[in-house]
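Please keep the sequence and the model in view while reading.

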Amino acid sequence: MAKPNISEYQMLEKIGSGSYASVFRALKKASREIVAIKCVEKSSLSKTAVDNIVTEISLLKKLKHEHIVEMRDFLWDDRFIYIVMEYCNGGSLHAYIRQKQKLPETVCRVFLRQLALALRYMREREVCHFDLKPQNLLLMRISGHGMVLKVADFGFAQHLELGQENCNIKGSPLYMAPEILLKQRYDARADLWSIGIILYECLFGRAPYSSASLGELLEKFKNRQRIEIPKHGINSISIECEDLLSRLLKRDPDDRIAFDDFFSHSFLDLEHSPSEDNLSKAVALISEAIELDKKLDYDGAYKKYCKGLQYFVPMIQSETDPAKKRVLRERVQTYLNRAEEIKHSFQSDQLEGAEQSQQPSCSSQKKVTVTRTASQIERIKRAFEPSELYKKLYAQASSSPDLKNALEIGRQAELYARENKLDIALDSYKTVLGLLMPLLHAEPKNSGRRELLHRQILCWMEEAEQIKTVRSAQILEEVEHETSSGPAGNCSIQ
């Protein structure tokens, strides 16, 4: 294709090409803005290509989101149709993966969170993409530091309600859901499979069904070849990441994770995703923590610090401005240090504080514990004792060995947390919550034990979230350089 000519723009170099279009970097002469222009030669258009262009233009006009490439203008002349879009100077996610070979889980989480925000926006408007792949996910590099992901190329997209089916082949085979390739009947859930393949490729450097030909790819689907997820060694991933990946890559769309469950998954944590509103929430929570700290309400202060950190940690992970990132890190480190001081003081001084409060200290440097009130000392004494809620529930668990066993695991998690063995405590909390949820659903409605069980689950969920927040802040700097040791192993998705 000869380089197109538009009077309002200076066409620069070609930066991409597809089956019916080429993309050029261009300069808008009036504003000196750099843009990307997709140029489609009319003579090469089939009816399908025309339909794809019309779809893309109509959708891009309506979709306005920070993680979707924005359409700036639409032009045409005798030879070409032009779609003028914002220019993403970081290239594609495909090129980025090739450059890095594979991406740290923290980076994958940031990209996937941004993709999920775009997908949630699209689902709210009943839009399906049907061609999600790393080549269609563009990156915006800001100030030479960090990347912002944006969804591009809506040529195959369409409006489709949940449950509504399509039977036309759309997308790229390597990222197509099994129901598209094998049954040629599919719905919006096909996009979730594509996201699973993208996440896998980001984590491990290749798509799970990489094939030399379409025939080879189809054979892998027909033979139900397993997708292996490394569980040990340098390729190991977190429990949350593995859970989401395995649920995205279910062959049967009925077994695949639902959209609502995807958007609420703990690996994404969209509730605490970076935004101006969440920054305000974070600042307010930390202010409350400081006030409680001043009033010596250390238990309340610790919880507020943790809730504030839940918003601050994702902000650091996604911040692209070096100066802002440094300021955020310093603030988070200050809040984390204070939270840890409270936790350690509460644990290590529990008995000493009770004893010293009964008699004056001979030391010129008095410990903080001397100033504790009687009610605070009583709380410290009870720190290693099971809660009244736990005691009542355990007393009612004699008829259910499964419930009794789960409660004992939860109690052990509490003790690990008190001993500051946070990773073991968090794993134990995840285990017990996984055991208790089915038991809660099986309990008769309106039963006293069900109400106690529900309250205990909420308490342990809150404690698990606090630990997860503290650990996320602690490993923020080091996680990209961490490697795990141990024998290689795999888990399989059926």
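Helices here are DSSP runs of H or I with at least four residues, numbered from the N terminus. The model is a predicted one.

By that rule, Gln412 belongs to helix H15, which covers residues 401-418. Is Gln412 buried, exposed or partly exposed? Its relative accessible area is 33%, and since buried means under 20% and exposed over 50%, Gln412 counts as partly exposed. Further along the chain, Val432 lies 20 residues away from Gln412, and 9.9 Å separates the C-alpha atoms of the two.

A helix pair comes next. Helix H2 spans residues 93-100 and helix H5 spans residues 190-204; their axes come within 9 Å and cross at roughly 25°. Angles under 35 degrees count as roughly parallel, so H2 is roughly parallel to H5. On the H2 side, the residues in contact are Leu93, His94, Ile97 and Arg98, and they meet Ile198, Glu201 and Cys202 of H5. Sorted by class, this contact between H2 and H5 has four nonpolar residues, one polar residue and two charged residues.

The remaining values describe the protein as a whole. Its secondary structure consists of 17 helices and eleven strands. The protein has 494 residues, of which 48% count as buried. Among contacts with a separation of 6 or more, 65% are between residues 24 or more positions apart.

Technical notes. Residues numbered from 1 in each chain as written. Predicted model: local features only at pLDDT ≥ 70, side-chain atom pairs only at ≥ 80, totals over all residues. Heavy atoms only, no water. Axes fitted to C-alpha atoms, helices over the stretch in contact; angles between N-to-C directions. Helix = DSSP H or I, 4+ residues; strand = E, 2+ residues; numbered from the N terminus. Parallel < 35°, antiparallel > 145°, perpendicular 65-115°, else oblique. Contact = heavy atoms within 4.5 Å. Nonpolar A, V, L, I, M, F, W, Y, C, P; charged D, E, K, R; others polar. Buried < 20%, exposed > 50% of the residue type's maximum accessible area, 1.4 Å probe, protein only.
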